[in-house]
Structure formats: structure tokens, C-alpha cells
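Hi,

Here is the structure I promised to pass along. Have a look, and my notes on its charged side chains follow below.

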Amino acid sequence: MSLLFKHLRIHQIFGANTDVGKTILTSALVRASASMGHSVQYLKPVSTGPMSDADDERVLLLAGKYRSRVNSKCLFRFDDPVSPHLAARRAIEIGGVERTVPTDDAFVHAVASHVRDCATRVGESNHMYVETAGGVHSPTLSGTTQLDSYRPLFLPTILIGDSRLGGISSTIASYEAMMLRGYIVDAVLLFRDEYYRNWEYLSPYFGERGVPVMSVEPPPERHPNATTDASLTETYYSDIVPSSGDGPIFDVVRHLDACHTRRISNLDTMPRRTLDTIWWPFVQHGHVQHEADVNVIDSAWGDFFSVYNGKRSARDVPAIPDSSSTSRTPPAPSSRAASLLEPQFDGSASWWTQALGHAHPALTLAAARAAGRYGHVMFPEASHLPALRLAERLVHEGPGRGWAARAFFSDDGSTGMEVAIKMALRAFAKRNTGENGRGRRKDLGVLGLKGSYHGDTIGAMDACASEGVYTCEWHDAKGFWLDPPTVSIQKGRAVVSLPQAIASETEDGAAEVATVSLAWTYNVEERLKSPLAATYRVYVERTLRTLQERGAPTIAALVLEPLVMGAGGMVFVDPLFQRVLIDAVRASPAPASASASPRSPAEWSGLPVIFDEVFVGLYRLGLPTTHHLLGTTPDISVHAKILTGGLVPLAATLASDSIFRAFLGDDKADALLHGHSYTAYPVGCEVANETLDIADRLAESGAWANARARWNVPEPASEQARRCSVWSFWDPEFVNAVSRMDRVAEVMALGTVLSIKIKDGAAGYQSHSARALLESIRAAVQDGHSLSPAPGGSPFGIHYRTLGNVAYFMLSLNTPADVVSTVEKRVWAALRAS
């Protein structure tokens, strides 16, 4: 991840094209830095072409009398003067020697390791320049373009502009490509060509964007006589890097120093400014008093944040237990050679939103594509391609396939649930008019499960029980909530835990029922024949009769988080219970006030059923949707979070045709009068389409097949098996081992989700036991002498969230297996040390 040192100012140099003078101008910067008394580190990660033309050697030569202050290095060298990816391939083809082309990860690790070595060796006040090859999109060794390959390092940059014909366009295009990937461009530098005069146009263009443009005279033409050429070259560098210390090159160096100082100062002041200004969600500010408690995120890439550690001292960093249960304390972040930025694994997938990792280039390009074409456009009685394509995909190919007819767009999961509840209650009210005839009914409530959570807007809150912490003064819980049986792994066994009300109905009254296996537990169709299913039916049907006899509020919809209730404590509900509940609700007799008109089999029956798949849908649990496993479809479902890959907010509420028709009529007041200013936001819709494309490809990947195989899902899996099989990216041996630990009550893992419940007499949301037990994993710690799997190989900490005595961890759909393994080892060590 990003590397930042107080004593070593680093800039990466990109070119707007090949042959724009990148090495010439980099050499000038190196020479200027050295002439100002700085030690200078020059790095050319990849060099192609004969050694006589090697940039790392040429930079040393052009440093002149300041050469002793310059260290130069090339990491990967190839003889062919072609693009690096081709040079690497041809080296294998021509040489006939088995040679492995470095992956992007290995390449970034090599660059980052060299940077760290330099930071360790050098003294105070040093400069480092990392020169790339060709243009910004020239491929690296693997074939990935440079902008994407180097992005995990997130080094501040200098763009060498093109002074030739067409150079204005290539320079601006390069800059925009860098901006799309979040790069910091501190300066643009180019030759002062008096004929094309590109600098005249580019100076005000970049000036409006806060980026200074510096131009210098171009070098003389190469002279055929080597001695004369060397003399002319030295004269040229003496002119643009004069001993007086004046001129554009020195202005650039001083500006880069100022940028470096400003960046560190900004990071250093952010904690206090945040404490003084920001009101966080779900945080008791009385518990966050110190600047070191503020997690300052400088950037993010893949599964990792890059966080500022400058406010931490050695005493703030806990000793980290290793696999042998001994303790060691990592170097204090304040030590001179330590980076002020360190990687931190995003253990909650940024509140369950991340699907493909942070700053995924395909998603940022999709966002730019839609922003450039549409910006935002209003949606009533309108259409645009991103929204239409997404609606058609969700309804006809995605989670709505086979039952949904319409898609309604809103802002986020909570607002999507507001829409769903309005749909369901209107559909019920239209069929069941009540005592007020055709008037709007105000006596309706919902049926749900205790511990459910559907968002923080008032309507969504009212669909949840009033117990717990997700409440407020205006919250008026409307409905009834059943205490559900749950599934977990305890001491290596799959167990169904029954609430007392259901356990008392069983033959032996036991509160825990051991099952054949986890796979069998989620085989709902098979378990429908079991005695426990009969017990569930008796309990549910009796409860429904009692509710109908009781009257107010009239139960008008069933609202469920299928399989897992997330914010309620990562509660894995027995899928058999949810299936029995849905079947019973749909078979329940209609109220006396119900319309007697005949209904088609396609219409909803009993009560409208809402699936809140905001958290669990779209592969979060390894399944494209939950209704395949449950063996029944909803009438309404809600999707968000993963939907846009964690880049922008968007929600989609899907509805069956019978729900949609409840709003049809001649009176506008009968329409669904609900909407958001950013309904069907084109940027969100385009990003969602791109996300779903990538997610579907990942579902067919070898990495997913390997994960399924570890959980004994046979390959090649049938379409039905892929829709219904339970498996996880977390290793089953790790899950079982953790479930046997003394401090652990139970564990569960599905898809990307891992939940660990800690034994705690004061269990509940307000418990701090899980957080206290795992606090050590927040610190970055080196695993022996090996590089970590974080981008760049630096030791990384783990950012995670807890729900009382439950700690949960979440992956992206493409988290590398070595990252998962390292997180497992850290969690295991912390739990064992407790």
C-alpha cells in the first residue's frame, strides 16, 4: 500500500507518451535535488533495451559532479527495446530458459520492498524518483497497464507532458486517466517547444485544476561525436540546473517538497479536525476522546485501507501474539524508517458494501462513463439505458427471475425497504379494506423475526421490534416478531438452537438439536419432511391464529432477512423455519374483510412476503439470491450494498406483477407516490451493471471452485448446486477449530461472511467482549521475515466491527486466498492468546 516517510520524499514519474523526455527531465530533477544537498534515490522498476541505453545508468551519468549523492537501481531488465510485457515474453521465447514473469503483486512487492530498503538506509532529507516506462497505459511485465499496476503503491506523481504535435491531447488524456484512478498529480513538466507552444495551452488548463506546469528548454540534438555530445549534454544540464539554484527545475523540486510537507501536515491534523467537526454513525463519541482513536484513511485499494499511523506511539501498539503464543511488539510507527501509512485489512467490507475491492478500475470507469453521458437526469415517465438494462437484468436474469415483474430504484437499503413496506401494505389494504372501506388503513403492522434490522429510516425501523438499541423517540414498532431458531457450528458440529417457545413443543424439550451436517441443515427440501418441520408448523400456525384473533395491529406483510439477520448480531436463522413460516403465512385464511373476487395462482396469497436481501443478496453468502435455497420466492425483494460494488449508493426494490397492479388505477393518489431526487441515478445503475458482470464471471472462476471444493461441494457443480449449496471462502478447518475454542460460543461461515460469538454473561449489543478479545489484530505486525499479502508486502492491521459479543469479518468476492489465510492466522492467534 501507500508508503509515506517524513525523511524521504517520493514521487513517481509518468509520461504522457513514450519519447517525451521522461528520463531527461527526471535526470534534471535528480540533479537538482542532489545539488540542493539531498541524497537522491532513483528507481527504474523496468528497463528494456541494451545496457548502453539503460536509464538507471544514464541518470547517474547526468548527475554530473553530484553523482556521489545519487543511488540508482533497476529491478527488472530486458534486452529487447520493446514494451515491458513483450520484452518479458520474448526473453522466454528467445532465450529458451524457463522464466516466470512476475505477477502484478510480485512486481508491486519488489518496488515497495526497494522503497522500504531505501527509507531504512538513508538519513535525513532525501528525495526519491520512481520513473515508469513509456506512457501511462504502457503495459507492465504482466500486461496490466502501468496506471493499474502501480496504483496499490499510490505514490504522488509528476506527469511529463508531451511538447510535440498532438501533445496537448495526450497530456490531458493521461492526466484524466490518472485522475480516474485517484492519483495525486503534483506537477506537470514538459519541454518548451517554441513552434507548437503546448506549454502555453497546458499552463492555464492545469492551473485551473491546481496543478502547476513547468517548462524547460529541450535538449540539443545528439551529436555523432560522443565527446562533443557529452559536452553539449553537460552544458544543457548546467543551464537548466544552474549552480545558482534558480530556474523552473528548482521551482518544481521546491514545490514537490512543499506538497510532501503539506500532505503529512494534512494527515497529522485530520484526527483533531475530525473530532471537532464530524458526527459519526453508530459511535458513542464519549468513548472516542483521543486523536489516536481516529482511523485516518489516506486511500484504499483492493481489500485494504491505507491508514495514517502518525498519532500512534509504541505504547499504543499492543503486543501481537504469534503462532507460538509468545509476544512481540512491532516497531513504533514514529521511528524514522517506518512509513507513516500502513495497510489495514477492511474486515467489514466497509459495512458490507465492498464486492470487488476498493477503487476497482472497471467500476470507476463505469461511473465516469455514466457521469459523462448523463450526470443525473430525472426519472418519472423517463428512461435511460443504465437503468433499463439494470432493471431488465434484475427482473429477468437476476434475483427476480421467475417471479418479479418490476424494479423500483431508490437510494440505499433503508429507503429500498421503505418502498417495499409501502408496496406490501397497500397491496394488503387494497384486498382487505377493513372497517373504513376504501380509505387508507392506519391499523396495519408486519410479522417478522426478533433481532431483525431493516434500516434507520423511521418506516423501516417501525418494521422492527422495539427491543434493542436500534430505536429512537419516534420509533413505534408496528407488528409482531417471532423468536427464531438459529444455526451455528459449536464444537465442530452443526447445531440448530431453539427458542424456549419452540423447544417446549418438541418431544424431548431440548434447546439444541445436532444436525447431520451443515450441508444437510441447509437442504430445506429434505428437512421439510422432518419432525422439526412439523413442530415449526404447529408453532407458527398457532401463532398466526392468535395474532388474527387479537386484531390490532392487523398483520399485513411478512418481512424477513433471509438466512442471516445482519445488524441484529449476525444471526443465522434456521432456513427451515423461514420456509415453514412463509408457507404458513401464504396458506393462512384471508380476513373477513378481504375481497371475495377470484384470484389467479400468480397473485400473492395470505400476506405479501418481503425479502430484505440488502445484506445477504447478490453472492454475499456465496449464492446469487437466497430464494433458491429456501425453495420459495418472495413477492417483494430489496437489493443494495453489493449491488454497486461498494462505489456509490443505490437500491432496487423488485415486485411481482400482482403487487404492481395494486397501485394501478385512474386516480393519481392510488399510484406509488414515493421517490428520491436521485432515483435511478445513472452513475449508480451503470456501476451496478458493471459489478454484476464481474460478479457473474467470478462465480465461474477457479478460485470459487476451489473454495467450494474445500466445503465438499462437488465440481463441476450443477446450476442447482451453485444456487443452493452452502460453502464459504473461509477455510472449513479454521471454522471448525475456532468453534472448539473455550472462549467461543459458536461460529458460522457462509460465502464471504465469518461470525464468531464470544462467551459472555453480559451478551448483547452493548457487550465489549468481542472487541476486547480481538483488539490486538488491529495492529500491523510482521509475520517473521516474509512479506505480507497486502499490496506492497507491508505488515497490515485488521479493521473489524463487532456487534456486542459477536465479531464478524467479511471478504470481497475476489479477496485473494493468501489474504484470507493470513487473516485467519491473526484471528486464531488472538483468540488463543486470550
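Predicted model: local features only at pLDDT ≥ 70, side-chain atom pairs only at ≥ 80, totals over all residues.

**Salt bridges, and how buried they are**

What does arginine 31 pair with? Its salt-bridge partner is glutamate 234, with the closest N and O atoms 2.6 Å apart. Arginine 31 sits in helix H1 (residues 22-35) and glutamate 234 in helix H8 (residues 226-240), so this contact ties together parts that are 203 residues apart in sequence. Glutamate 234 is partly exposed, at 32% relative accessibility.

Next up is a salt bridge between lysine 44 and aspartate 55, at 2.9 Å from N to O. Here strand S2 (residues 39-48) provides the lysine and helix H2 (residues 55-62) the aspartate, 11 residues apart. Lysine 44 is buried, with 4% relative accessible area, and aspartate 55 at 16% also falls under the 20% cut-off, so it counts as buried.

Then there's arginine 393 with aspartate 696, where the closest N and O atoms are 2.8 Å apart. That one links helix H12 (residues 385-397) to helix H22 (residues 682-699), and the two residues are 303 apart in the chain. Arginine 393 is buried at 15% relative accessibility, while aspartate 696 is partly exposed at 32%.

Beyond these pairs, a salt-bridge network links Asp268, Arg272, Asp276, Glu291 and Lys311. The overall count comes to 39 salt bridges.

Cheers

Definitions and conventions:
Residues numbered from 1 in each chain as written. Heavy atoms only, no water. Salt bridge = Lys/Arg side-chain N within 4 Å of Asp/Glu carboxyl O. Helix = DSSP H or I, 4+ residues; strand = E, 2+ residues; numbered from the N terminus. Buried < 20%, exposed > 50% of the residue type's maximum accessible area, 1.4 Å probe, protein only.
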